[in-house]
Amino acid sequence: MKIKVVFLFLFAFIYMLQYAEITSDDVVYQIYPNCFYDTDKDGIGDLNGITSKLDYLKELGVTLIWLNPIYLSPFEHKYFADDFYAVDPELGTMEDFRNLCKEVHKRGMRILIDMETQYITSNHIWFKDSYNNPQSKYSNWVKYKDPLNKTPESIIGNILETRDKNGKKVKLVSLNMNNKEVLEYQKKMYAHWLDPNADGVTDDGVDGFRMDHIMDNLDYKGFATNLLSGFWKPIVDYTRTIKTGCIYIAEPADWGYGVDILTKADMDGTLVMKVRDGLIFSEKVVFDKSRMENLLTESHSSQPENKYFCTVLENHDTSRWATTCGSNSNLLKIGAVLTTMQQSLPHIYYGQELGQNGKRDLGNRDAFKWYMEYEKEGMASKKRKMKRELDVSLETQSADESSLFRMYKDLINFRKNNPAIQKGSQSILRQNNENVLSYLRSYNSPENSQDIIVLINVSEKNAKITIDLQKYTGKTIFNCNNKNERTLYKKITAANSKAFSIPLKKYEYKLLEIK
């Protein structure tokens, strides 16, 4: 009997490892590996460093880790590959990678790696063998503009050459995505990262992929079209035979909602910049209530059923929110609320939870600030322009109840414990103050129903709003801002329901549950 129970447990555990799937309670955390944590004392973050800090991510509430590219590349950001199968030695080994995946899964989390497989560098064997050589077996794998293979097709922005991390010139070229051999190669290559040692058990591989620069017509050039259903969908389908529910979160090339990516390619989620768009104009914070309301309404109505948008306030392609808002502590906290309290999945860029600064510079991102002293062991600060910012480190913020880090942690926990926020609908609550954003999150099921009002005063002035709550007459509002308990706020009566009054201090947010 005991042997049978153990066998069933092992079978269930192995099955779980073969199953991924994105869910409404996921919190995505993006890591730029070079900049996270250093274990080999070379001042550069590595895969073992990420492994050593998984308990921190678990404590924060992260469920889905996204690593920027880790494959072999001459660039620090690794977005263009010399070899899609190899781990870049700057970050570690394949064994380090497999161990990282195992440790992620032991903690009940999942892991994605970033992939941009439309392009290669001139160091790749396909290019080296086919350039000026029409007889190469890879001649039709790389996209050339001439029959002699002298003029390769450039990448986005017509970029054909750039300098690597050592200053050496490297060509960047497009693949021939119409070639079925390229498709078959990529199907197997993506499957490799799910099951690196091909033993049929995927605990040592990723749970899916973050897809970079996805579009139907590659770079709008017309030579590779119908990619969503003709190229990416077959890869998605094939990898899900390796790992059921294999997760795909895509960056729409136009930074829109990417609904066609979700429907035509059957990917699971897209990274959406719309919240950022509603708060920032010309790299300055400019709150436009009407625009933000329209964006929230649009995102709610645009999201296909059983698909997910991920709210992006900052990432490797943008300046950090802290830099944009001048490290204003009040605006940093408003960013945290908008990131976590929307219908879409929260996305957190490493260090966002601390309020780290940084301008848009893909090749020179700041190291995660574990400590105030940047020379301490583990800091991935080699060759980085580190700023000594008061209280911007995990060391200073972890014990401070009022810190940004603690706020992110509390908001993520609140999201996970409240179905209205985690998976409820979203609708705008109309009110009379141009500096206040107000919306309702609602969830209804036979087992549990919940309504939560989210209010955010995006100004340095005190505000007072009135909203129509007549349909809730007779119910009571509870204030949920205190993470430890809900406190009585006010009853909704026939006399006050039509113009229910709520005051807000400058930059204050309120989470109000109606019961």
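Predicted model: local features only at pLDDT ≥ 70, side-chain atom pairs only at ≥ 80, totals over all residues.

Helix α12 passes helix α14 in a right-handed crossing. Two packed helices are described by the angle between their axes and the distance between the axes. For this pair, α12 covers residues 329-340 and α14 covers residues 404-416; their axes come within 10 Å and cross at roughly 20 degrees. Because that angle is under 35 degrees, α12 is roughly parallel to α14.

Which residues of α12 meet α14? On the α12 side they are Leu 332, Lys 333, Gly 335, Ala 336, Val 337, Thr 339 and Thr 340. Their partners in α14 are Leu 404, Met 407, Tyr 408, Leu 411, Ile 412 and Arg 415. Sorted by class, this contact between α12 and α14 holds eight nonpolar, three polar and two charged residues.

Let us now consider each of these two helices separately. Helix α12 has 12 residues, and at 1.5 Å a residue they should span 16 Å; the C-alpha atoms at its ends are 17 Å apart, so the two values agree. α12 is mostly covered, with nine of its 12 residues buried. The buried residues in α12 are Leu 331, Leu 332, Ile 334, Gly 335, Ala 336, Val 337, Leu 338, Thr 339 and Thr 340.

Helix α14, with 13 residues, reaches 18 Å from its first C-alpha to its last, close to the 18 Å expected at 1.5 Å a residue. Its buried residues include Leu 404, Met 407, Tyr 408, Leu 411, Ile 412 and Arg 415, and these are residues that α12 meets. Also buried in α14 are Phe 405, Arg 406 and Phe 414.

Where does Glu 353 lie? It is found in the loop between β15 (345-349) and α13 (394-397). With a relative accessible area of 0%, Glu 353 is therefore counted as buried. Leaving aside neighbours within four places in sequence, Glu 353 is in contact with several residues, among them Leu 404, Phe 405 and Tyr 408, which are buried residues of α14. Its other contacts include Tyr 29, Tyr 56, Leu 60, Ile 348, Phe 368 and Gln 397. By contrast, the C-alpha atom of Leu 175, 178 residues away along the chain, is separated from that of Glu 353 by 38 Å.

The axes of α6 (residues 180-194) and α7 (residues 227-242) come within 9 Å and cross at roughly 35 degrees. This crossing is also right-handed. From α6, the residues that meet α7 include Val 182, Leu 183, Tyr 190 and Leu 194; on the α7 side they include Phe 231, Trp 232, Ile 235 and Ile 242. By class, the contact of α6 with α7 has 11 nonpolar, three polar and two charged residues.

Finally, I turn to backbone angles. Lys 41, in the loop between β1 (28-31) and α2 (47-52), has a phi near 65 degrees, a positive value in a residue other than glycine. His 213, in strand β9 (residues 208-214), has a positive phi of about 55 degrees, although it is not a glycine. Are these residues buried or exposed? Lys 41 counts as exposed because its relative accessibility is 64%, whereas His 213, at 7%, counts as buried.

Technical notes:
Residues numbered from 1 in each chain as written. Heavy atoms only, no water. Axes fitted to C-alpha atoms, helices over the stretch in contact; angles between N-to-C directions. Helix = DSSP H or I, 4+ residues; strand = E, 2+ residues; numbered from the N terminus. Parallel < 35°, antiparallel > 145°, perpendicular 65-115°, else oblique. Left-handed = near helix turned anticlockwise from the far one by under 90°. Contact = heavy atoms within 4.5 Å. Nonpolar A, V, L, I, M, F, W, Y, C, P; charged D, E, K, R; others polar. Expected span 1.5 Å × (residues − 1). Buried < 20%, exposed > 50% of the residue type's maximum accessible area, 1.4 Å probe, protein only.
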